[in-house]
Amino acid sequence: MTLIVEAKQRLGAFSLNAAFTSERGVTALFGRSGSGKTSLIRIIAGLARPDEGRVILDGEALTETAAGTFVPKHRRRFGYVFQEARLFPHFSVRANLSYGRWFAARAARGENFDRIVDLLGIEPLLERSPAKLSGGEKQRVAIGRALLSAPRLLLMDEPLAALDAARKAEILPYLQRLRDETDIPIVYVSHSITEVARLANQVVVLSDGKVEATGPAVDILSRPSAAADRKEAGSLLEGTVESFDALHRLSTVALKSCQLHIPGAALTPGKPVRIRVPSRDVMLATTRPEGLSALNILEARIEQMSPSEDGTVEIRLDCGGDAILSRITALSCERLDLRPGKTVFAVIKTVALEA
Ligand SMILES: Nc1ncnc2c1ncn2[C@@H]1O[C@H](COP(=O)(O)OP(=O)(O)OP(=O)(O)O)[C@@H](O)[C@H]1O
């Protein structure tokens, strides 16, 4: 799959001028409120025409202003999931799902139903009415309905934004399965770094209508500028689960050349995982600390130090090939005489890790 998007559009005082290409998996359109994410996804969907630009999916021009091409929304065979589920209130869940299937190309109907119901865990909900579903359950049904239309591309605009943290956590694993077990490409709009870190293969960062950065999620999200909110800044690491200690509910994850211990969820040995390490949860020591409750103490080399005006310094560490960010005060930097090239020990609060 190759999706090429180029779009210029004036919307009142706002001007969108963005282009990206995506190859597979989940492409996240990420940026703060008002950066142009929804305007761009509307152009991809065929809900809006750009003043200038093109949307090409696998060589087929769906929008191409230079040639006067514009395939209307309903003929693009895309699936949509919005912030609110928009289910038909008088239909059961099963009937809502069948509505999606009705739009599928004839060949794609039928065999998919059970697989999608199973993928999203909605079998027990089939005979209920939408009014009797939680927000998270509704959203899973909406995703199922979109999938049953056998879309060539799935567009998701802040699908978790209306849900509380517990419901978000409940849905994220289903979205990961969707990414890993189907081959439908997804364009996913979000302003949440946590969601993007969990789901995205590729990230397109939008800022004031323009593409500020684009590339693999692991590269883009580990940049200090990726986080709109300083509290969210951190690094994204990829590793493989080595083992799970059931007694202590602790998983061991192998990174490039070191290990991290992660509490909580039973991770499956052999599986790839992502771990986000917020920079404010990484402390530094110049000698290996002893008698400390932290389980993750990694030897690292200081690569780069970027002081901020607020009296803190962001320090980029090389931990045996993996980049980890730490934010500490300028005073601590001075006291520890930190500088690029120096060997330090990164103390990472284990509870802060999420796979
Ligand atoms: N039809 C329009 N006329 C004038 N201005 C518009 C129109 N549509 C969008 N805008 C403006 O364009 C900018 C980008 O809006 P857009 O909804 O694309 O941002 P967003 O990144 O999706 O934001 P959010 O996360 O808040 O939904 C905003 O400043 C918005 O006010």
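Because the model is predicted, local features were considered only at pLDDT of at least 70 and side-chain atom pairs only at pLDDT 80 or more, whereas totals for chains, interfaces and linings use all residues. Residues are numbered from 1 along each chain as its sequence is written.

The protein chain is divided into domain 1 (3-226) and domain 2 (234-352), the bounds being taken from an automatic or database domain assignment. A distance of 33 Å separates the C-alpha centres of domain 1 and domain 2. Seven residues from domain 1 and nine residues from domain 2 take part in the contact, two residues being in contact if their C-beta atoms, placed from the backbone, lie within 7 Å. On the side of domain 1 that touches domain 2, the elements giving two or more residues are helix H6 (193-199) and helix H7 (217-221). Helices (H or I, at least four residues) and strands (E, at least two) are DSSP runs, numbered from the N terminus. H7 supplies the largest share of this side of domain 1, three residues. By class, the side of domain 1 that touches domain 2 comprises five nonpolar residues, one polar and one charged; Ala, Val, Leu, Ile, Met, Phe, Trp, Tyr, Cys and Pro count as nonpolar, Asp, Glu, Lys and Arg as charged, and the others, Gly among them, as polar.

The ligand is surrounded by residues that include Leu11, Gly12, Phe14, Lys37, Thr38, Ser39 and His191, a residue being near a molecule if its C-beta atom, placed from the backbone, lies within 6 Å of it. Nine polar, two nonpolar and one charged residues make up this shell. Helix H1 (residues 37-45) gives the most to the shell, with three residues. Within H1, the buried residues are Lys37, Ser39, Leu40, Ile41, Ile43 and Ile44. A residue is buried if 20 or more other C-beta atoms lie within 10 Å of its own, exposed if 12 or fewer, and partly exposed in between, with C-beta atoms placed from the backbone. Gly46, with a positive phi near 90°, follows H1.

Helix H5 (residues 165-181) contains 17 residues and reaches 25 Å from its first C-alpha to its last, close to the 24 Å expected at 1.5 Å a residue; the expected span is 1.5 Å times one less than the number of residues. At Ile171, H5 bends by about 25°, and Pro173 follows within four residues. The bend is the angle between axes fitted to the seven residues ending at a residue and the seven starting there. Lys168, Ile171, Leu175, Leu178 and Arg179 are buried in H5. An α-helix has 3.6 residues a turn, so residues three or four places apart point the same way. The cover over the buried residues of H5 includes strand S3 (26-30), helix H3 (112-119), helix H4 (135-148), strand S9 (186-190) and H6.

Asp58 lies in the loop between strand S4 (52-57) and strand S5 (60-64) and is exposed, because 11 other C-beta atoms lie within 10 Å. Glu158 is placed in the loop between strand S8 (153-157) and H5, and counts as partly exposed because it has 19 C-beta neighbours inside 10 Å.
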